[in-house]
Amino acid sequence: MNINAYRYRPPKTNYLPHNVDVDNPMVEEYEIPLRKADEGENEAFFNKMKLAAQEYNIVRPKGYTVSYHATDEMEKHHFGQTHPMKPWRLTLTKSLVTSYGMPFAMDNYNTRHATYEELSAFHSTDYLDYLATAAPEDQPRESDNEKEPKFNLGGSDCPLFHGLYDYCSMSAGTSLDAARKICNKQSDIAIAWGGGLHHAKKSEASGFCYINDIVLAILQLLRVYPRVLYIDIDVHHGDGVEEAFYSTDRVMTVSFHKYQPDTFFPGTGSLEDNGPQSEHNPGAHHAINVPLNDGITDEQYKNLFENIIGAVNEKFRPSAIALQCGADSLAGDRLGRFNLKVQGHGNCVRFCKSLGLPMIMFGGGGYTPRNVARAWAHETSIAIGADSNIPSTIPEHAPWRDHFIHDTLFPTLTQSLHEPRSNRNSEKRLREIVNHVHEQLRFVQHAPSVQSTIIPPDLGGIRDEVEERLKEENEANNEGLRKTREEGVGSAMEF
């Protein structure tokens, strides 16, 4: 891993799309790496990682298996110099996860691209065809451009950047791989930080999201599990996933998000939006929305989350959980305005894990890369049961350590914001939200139907063929470090 592969470069313009918080422009720009690390650099870093795992007692958890699904190629993509979405955040996340030695406690998978057939399990073919063939545009179109963006592609939120289709298929590939490992009982908790793009619709890009990998993953889970609980802690409403499963009682969607319909994207997800109005529609009361205001704190969020999810779990009785861990709900995010710290965000993962159900942990939003990396590394440590073992100080050997500014995994509100946001969430309003959710749950049947109108096709043959080819390629390319890597307590992986 080449520590100097990226260097800092300040933003060049003032273009701030998609509800950017102009008082807190926290996103940095980075160069694309010019070269890959050589064998010697990789081996030296691996040895430091192994020592860290031994020092922090990072071992495989007893009684359950955690898997980590990623592909390095996603990190190289770029939405544009001024766009808030930075795939670089995946590089920083990997920096922390590996530096603490966490891969030794997990099964680590270098995932493949999702195929066209896999993507079409949810998305329309005309949309996929356009996504795959549309010419890249170096500059997003102006909103008053005479040529309206087709499928909402080409505007400031969803630009047509170079390598777009590959990026989308890799993101979906990580989530599909995670879902299949859960379905095959090879994993109990599967992590896919490259996924979580919850706004994409069947035939439309939206809110930086082009392919809804979460919907594709849940469709896979429904092949095996009767009921799936989808939980979304992104600062934006999980509208794309809610819409996809709007008329089924096999998926319950619960979204915690900022709700300010006139000024904050996507403007949906009010407290009263609980699914179809008709009681004859199976999806009635199966969409739970928790609308929040600026400045909510860790303690408030914890009480709200555990009360609501505890009640949903008791009434809906899910057999698997899909948890979207969007990190734009953290304090100091470029778009969000909550007062959540890394610890408060991670508590949601801890509580969901305590339910003892198979679970996929997706990424999602998050536009201050260093804090996204902190949150997802911390939540990875919770998944493997090592959160009490690892030190809060970022290891000295962590690549790009200087980019975290503060050397701690848990920055204070002052370090993240300089000044906390004013809390506009009254205790009275939060009690009203809880009471409303409990009232909705009264109408939910204990045992929803287990039949689905549309069963996703069995793509096992396609999957097996592609994965066998990739396995052969990986074995040929990585023979040099294989023996060294397999000395550790975890599975061999690419670093």
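Predicted model: local features only at pLDDT ≥ 70, side-chain atom pairs only at ≥ 80, totals over all residues.
Trainee: Which residues of α5 meet α6?

Mentor: On the α5 side they are S171, A172, S175, L176, A179, R180, I182 and C183. Their partners in α6 are D213, L216, A217, Q220 and L221. Sorted by class, this contact has 8 nonpolar, 3 polar and 2 charged residues.

Trainee: What residues form the contact between α9 and α10?

Mentor: From α9 come V342, Q343, H345, G346, V349, R350 and K353. They meet R374, A375, H378, E379, I382 and A383 of α10. By class there are 5 nonpolar, 4 polar and 4 charged residues in the contact of α9 with α10.

Trainee: Now the annotated positions. Which residue does the UniProt annotation "active site" cover?

Mentor: An annotation comes from a record, and it may be inferred rather than shown by experiment. Here the UniProt entry, which is unreviewed, places "active site" at H199. In the model, H199 sits in the loop between β5 (189–192) and α6 (213–221).

Trainee: Is H199 buried or exposed?

Mentor: The step to take is to compare the relative accessible area with a cut-off, since under 20% means buried. H199 has a value of 3%, so H199 is buried. Setting aside neighbours within four places in sequence, H199 is in contact with S206, G207, C209, N212, H236, H237, D239, G240, F265 and P266.

Trainee: Which residues does UniProt list for "binding site"?

Mentor: The unreviewed entry lists D234, H236 and D328. They span 95 residues in sequence, yet no two of their C-alpha atoms are more than 8.2 Å apart, so they gather at one spot.

Trainee: Where does H236 lie, and where is D328 found?

Mentor: Both are in loops. H236 is in the loop between β6 (228–232) and α7 (239–244), and D328 is in the loop between β9 (320–324) and α9. H236 is buried at 1% relative accessibility, and D328 is buried with a relative accessible area of 0%.

Trainee: Which residues does D328 touch?

Mentor: Not counting residues up to four places away in sequence, D328 touches D234, V235, H236, D333, G336, G365, G366 and Y367.

Trainee: How many helices and strands does the chain have?

Mentor: There are 14 helices and 10 strands. The chain has 495 residues, and 60% of them count as buried. To read how the chain folds back on itself, check the sequence separation of contacting residues. Among contacts in the chain with a separation of 6 or more, 80% are between residues 24 or more positions apart.

Terms used
Residues numbered from 1 in each chain as written. Heavy atoms only, no water. Contact = heavy atoms within 4.5 Å. Helix = DSSP H or I, 4+ residues; strand = E, 2+ residues; numbered from the N terminus. Nonpolar A, V, L, I, M, F, W, Y, C, P; charged D, E, K, R; others polar. Buried < 20%, exposed > 50% of the residue type's maximum accessible area, 1.4 Å probe, protein only.
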